[in-house]
Amino acid sequence: MQEFGKFHTIKTGEAKLTQGFWANRVTDYEKIIKNLESALLSEDNAARMLNFGIAAGEIEGEFYMNEWSDGDCYKFLEGCVNQYAVTKDEKIMDVVNKYIPWIEKSQEDDGYIGTQILLTDRERWTDTENHELYNLGHLFTLACIHYTVTDDKRLLNVAIKAADYLWKTFSPKPKELAHFGFNPSQIMGLVELYEITEEKKYLDLADIFVTMRGETPEIRGDCSQNRMPLREETQPIGHAVTGAYLYAGAADVYAHTGEEALLSAVKRIWADLIKRRIYITGGVGPQYVGYSDRGDTLFESFASEYNLPLRVSYNETCANIAVAMWAKRMLQLTNDAEYGDWMETIMFNAGISGSNLDMTRYFYSNPAAHRACHHIEPTFAQYSHVPNQRFFTFDCWCCPPQLLRTFTGMPKWIYSLSDTGVSINLFGGSELNTTLKNGEEVNINIVTNYPWDEKVEINAVKTPKDMDLTFRIPAWCDKATFNGKAIKSGIHTVKVNSGDSLAIVLPMQAQLYTANPLLEQSNGMFAVKRGPVVYCLEGNDIENKISIDELAIPKDVQFSETTIEEFPYGMVGLKADLIHRPHSDKLYQPVADDKEKKIPVRFIPYFSWANREEQDMSVWIPRA
């Protein structure tokens, strides 16, 4: 099996979280899994395991709610298997094994599976909104991971049968089905299935789905990335989840075909994204409804250049994580630090802000500002899903299982492999036990409380002689040291041997950021970052009950660090004195002098907002 690119993903279970930031988030995995499972078994939730039970003839009922429910159930099971891979806790597999027979019995004889069709009067392949390929893609990914971890072929057999059905249906490239790549998780899933089975037609089919984009531009147009062939596209366009899945899938196809046109396209689209269309938090897809530059109606989409609103920013959790998935693939293909820097930004900020700190309640959208007494009500389509309160069940429940599979799958984000060595993509307390292509065993562990602490210790417990170890010094750090010597930001590769211990120090302090002047919504404002973490201000953390909208930050503001006692994990808060700038509730008013008395405040990590009572929140604060 030929591979292009510098690195590839490790197998599920080859690494585990041990301590620190990411391990903390899944320590109570049993509670998290039970909480999510109870939502999936609720009669009223939009994603329902019950649909499989009905299709299998095991329980009574009718199909309910979203056409993409099956895919979200598969994501939940994937998250469970990720955690089982490192804990071997049989209680997790008890959960998974309850539903595998339901999934098996839901499959038609010809391989088709999809409860949104089988339990309704809908016909196959009549409406892209039925999300048939989205569901199948997540089935393929789940099946590959489940087989890798357990050697159990039940789900893999379901996936192979379904993929063979797709091959028969789509390999002739029927014109009437050319637009059915909408929400294309099936591209990534088919590549994973190819990697497991080495059946080349699955890779060929993934390439077909990439190529079909743009063949019927009159159907869904830019919203489904269908106005222009991917290989000719110049910008991220349309639905942000489906776009990021497409670009990540194309990167996966390139990793096995080496087609330069694909790599050039996704590089070009990426460059436009980070120059004009991404939030400082890594959030993407700000507009719920609008129009593309080419005139097509859009939903949940990337917006026009430099259009990044604050309170009404959509920034769906699934979209943010999908862009991080794309960034990880680009990092592995190119070894370019920029992709790793943005992957890190997303994963410490907008990628995880959708969950509360104990992973029991969720947001769909991730705005950059919120006002408790002035809700953005979802009465007008533009503001649909803008959060006012975290949910347990919801009318679009795709984000909770996306977060579960991301948190439990973090070891695969931290490490990648080449034929001759290991790459560390993110710093997190973890341990890698793997075998290189030449059969040499590798055992590496990372000890760190990053991003709260600046120290990272990498221990090469067992490696081949002079093994290549690659790591990234983030762009935000200009005073990093490696084994006591100064080191520049970017990608570095060193030789390591068994018993070596490497010390990386990444000094971090609060720093003010400004936005490009063309980004009007944040012009004249400051945001605060410490290391990779973007900070925000909530109303509870402002003394004297001053309104968040009456505060401004001086350029020479001084920050002091403090532990946020009411939050878990020993998170670092930032104390500062801000300027009091009173205003009335009038739309316009004469300029008044700032108050001389400074207002003490405490900034908290953006991802931790909305974990107390509802209150005002802002990432961007006006400059004094």
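Start by selecting helices α12 and α13: α12 passes α13 in a left-handed crossing. Keep in mind as you look around that this is a predicted model. Helix α12 covers residues 260–276 and helix α13 covers residues 317–334; their axes come within 12 Å and cross at roughly 125°. That angle makes α12 oblique to α13.

Now show the side chains where the two helices meet. On the α12 side, pick Leu-263, Val-266, Lys-267, Ile-269, Trp-270 and Leu-273. On the α13 side, pick Val-323, Trp-326, Ala-327, Met-330, Leu-333 and Thr-334. Colour this contact by residue type and you get ten nonpolar, one polar and one charged.

Next, move along to helix α14, residues 337–347. How many of its eleven residues are buried? Ten of them are, so to speak, tucked away: α14 is mostly covered. Among the buried ones are Tyr-339, Trp-342, Met-343 and Ile-346, and also Asp-341 and Glu-344. Then zoom in on Asp-336, which caps the N-terminal end of α14.

Last stop: Ile-579, in strand β21 (residues 572–580). Is Ile-579 buried or exposed? Its relative accessibility is 11%, so it counts as buried. Leaving out residues up to four places away in sequence, Ile-579 touches Glu-550, Leu-551, Ala-552, Pro-554, Asp-594, Lys-595, Lys-598 and Ala-624. To finish, select Lys-75 as well: Ile-579 and Lys-75 are 504 residues apart in sequence and 46 Å apart in space, C-alpha to C-alpha.

Methods
Residues are numbered from 1 along each chain as its sequence is written. This is a predicted model: local features need pLDDT of at least 70, side-chain atom pairs count only at pLDDT 80 or more; totals for chains, interfaces and linings use all residues. Side-chain values use heavy atoms; hydrogens and water are left out. Buried means under 20% relative accessible area, exposed over 50%, partly exposed in between (1.4 Å probe, protein chains only). Helices (H or I, at least four residues) and strands (E, at least two) are DSSP runs, numbered from the N terminus. A polar contact is a pair of N or O atoms within 3.5 Å; within protein, one must be able to donate a hydrogen and the other to accept it, and residues adjacent in sequence count only if both atoms are side-chain atoms. Axes are lines fitted to C-alpha atoms, for helices over the stretch in contact, and angles run from 0 to 180 degrees between N-to-C directions. Angles under 35 degrees count as roughly parallel, over 145 as roughly antiparallel, 65 to 115 as roughly perpendicular and the rest as oblique. A crossing is left-handed if the near helix is turned anticlockwise from the far one by less than a right angle, and right-handed if clockwise. Contact means heavy atoms within 4.5 Å. Ala, Val, Leu, Ile, Met, Phe, Trp, Tyr, Cys and Pro count as nonpolar, Asp, Glu, Lys and Arg as charged, and the others, Gly among them, as polar.
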